[in-house]
Amino acid sequence: MSAKTLQYEAEGAQILLRGIMDKSGQNLLACYQCRRCAAGCPVGEETGVTPDRLIRLILLGDREEALNNLLVWKCVACYTCGTRCPNNIQTARITETLKQIAKEEHLEPLRPRIADFHSAFMKAAGHMGRFNEIEGMGIYEVKTAVKELKKGNVGAVIEEMKNQAKLGMKMMKKKRMHFKVDKVKNRTEIKALYRKAKAEKGA
Amino acid sequence: MQLAYYPGCSLHASSELYDVQCKMVFGNLGIELKEIADWNCCGATAAAKTDDFLAIALPARNLGIADATGLSEIVIPCSSCYSRTLVSQQRLSCDPELKAAINAELGSKVEGAIKVSNILEVLKPRVASGEMAEKAKKKLEGLKPACYYGCLLTRFPCDVTVTDDVENPQGMEIICRSLGADPVDWSYKTDCCGASASVNDAEQSLLLMSRIMKDAEARGANCYVTTCPLCQFNVDAYQEQVAQKYGLEKRLPVYFITELIGIAMGFDAVGMQVDRHFVDAMGLLKELKLI
């Protein structure tokens with residue numbers, strides 16, 4: 001959490017709140033800060049910001065903090081918070097929404113690897129219509145390696161390659177690695193859905 | 001009887017063994033799994049995290065194909081695929097505008113008629129009816145599984161009918177007990193393994209798994225059993241790493257529920273690809289003289 005003093009500005013706070021409520025379909029105003037969500041959050045200890053705090057940040061109109069906290073990126077979408085919420089607020093939908101806003105506004109994610117993984121997954125799934133593990137992991141690894149190299153982190157790239165090679169070897173040995181490309185025949189439909197998704201965002 | 005069947009991408013790749021086992025076990029119970037034609041990836045959690053439209057539209061295409069089969073029920077063994085498909089069907093049932101927008105792009109339109117079932121929903125009634133016992137040739141004596149459900153079988157981002165107790169599901173315990181196994185009572189059965197975090201946020205995922213594994217070990221389990229290919233892969237493939245980092249004494253095999261049922265039914269373990277686990281899964285079965 002930042003140590004800055006937030007200047008509460010009602011109009012801006014309303015715009016942020018309404019936008020997130022519309023997009024996520026969650027009624028954030030129902031939150032009475034009971035913190036049942038925080039008690040059950042499996043990543044709460046590491047993120048600092050728990051689901052209740054995230055809701056508070058949004059209600060207070062702190063756009064920057066709402067988009068730049070570890071919970072948004074490290075949330076594993078286990079849906080424990082929403083399942084236990086007495087007011088039926090699904091906070092995981094809010095972290096999903098904030099990730100999407102960050103992407104649409106081309107903000108640098110606090111955890112680029114997590115964002116890159118999900119983008120790589122969707123790219124691979126859209127390409128063949130089915131997710132091929134080698135293709136998806138390939139796109140992801142190249143993407144993260146390029147970013148690390150740009151920052152001069154050669155060590156991090158080597159470490160990642162070593163770890164993935166080790167896992168790959170284990171998978172080969174146990175016949176869990178598949179080289180056959182699995183694909184949808186009617187990929188025209190998949191492409192049409194991806195195009196429509198893009199158009200929906202533009203709308 | 002015939003059920004429509006959606007294997008999903010995992011069951012065509014790293015978790016092919018689960019696909020093989022599902023067909024064997026269901027077949028023996030007199031259920032023919034009819035894989036739906038030309039299915040696509042459901043988008044998994046990645047779609048929900050990146051694109052609300054695709055998160056609904058990708059499973060919707062599969063639902064349209066499934067509706068066109070005319071079958072009344074589709075079984076989806078992967079928890080993530082099951083969750084995304086059920087959520088898509090629910091969302092479309094209350095958003096006709098979105099349904100029309102998606103249907104406009106599809107050859108097989110979504111009607112929303114087919115019942116979307118997880119694997120336990122189909123298997124559990126076969127215990128009550130006695131069919132499971134009738135097909136079981138062996139008692140799984142000595143097997144003490146920690147039944148691991150993970151997140152997506154009982155927790156959803158919207159209101160859908162949950163088919164088991166949300167916080168303390170019992171489906172796998174019921175099946176295991178009916179086969180003579182003795183499942184342990186434990187506290188982490190619905191905790192998250194991190195799913196894709198094992199790739200993109202490894203330290204976090206290892207920590208989450210360490211809590212799960214520590215409890216399973218403390219409760220005296222001698223194996224895990226799960227229905228989710230992501231849970232299975234993580235707890236199996238990363239177990240050695242977690243054990244070394246967090247000081248676990250034992251290494252426990254991570255079975256799919258279909259493996260335990262298949263062993264009880266007398267199927268050949270190698271035929272079911274039980275030898276394709278990262279933590280040896282054959283040894284315990286041999287030790288207990290189950291194979």
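## Overall form of chain B

Chain B contains 14 helices and seven strands, where helices (H or I, at least four residues) and strands (E, at least two) are DSSP runs numbered from the N terminus. With a radius of gyration of 19 Å, close to the 19 Å that the globule rule gives for 291 residues, chain B is as compact as a globular protein of that length. The radius is taken over C-alpha atoms, and the globule rule is 2.2 Å times the number of residues to the power 0.38. The C-alpha trace of chain B spans about 55 × 45 × 30 Å along its principal axes.

Of the 291 residues of chain B, 65% count as buried; buried means under 20% relative accessible area, exposed over 50%, and partly exposed in between (1.4 Å probe, protein chains only). Among the contacts in chain B with a separation of 6 or more, 78% come from residues 24 or more positions apart, a contact being heavy atoms within 4.5 Å.

## Basis of the description

The model is predicted: local features need pLDDT of at least 70 and side-chain atom pairs count only at pLDDT 80 or more, while totals for chains, interfaces and linings use all residues. Residues are numbered from 1 along each chain as its sequence is written, chains are lettered from A and ligands numbered from 1 in the order in which they are written, and side-chain values use heavy atoms, with hydrogens and water left out.

## A residue of helix α5

B:Glu97 lies in helix α5 (residues 96–103) of chain B. This residue is exposed, with a relative accessible area of 68%. B:Glu97 and B:Asp52 are 45 residues apart in sequence and 15 Å apart in space, C-alpha to C-alpha.

## The interface of chains A and B

The contact draws 55 residues from chain A and 61 residues from chain B. About 5300 Å² is buried between the two chains, 57% of it from carbon and sulfur atoms; this is the accessible area (1.4 Å probe) that two parts lose on being put together, summed over both.

Eight salt bridges are found across the interface, each a side-chain nitrogen of Lys or Arg within 4 Å of a carboxyl oxygen of Asp or Glu. One of them joins B:Glu167 and A:Arg84 (2.7 Å, N to O). Several helices of chain A, including α7 (80–84) and α12 (187–202), each supply at least two residues of the side that touches chain B. The largest share of that side, nine residues, comes from α12(A).
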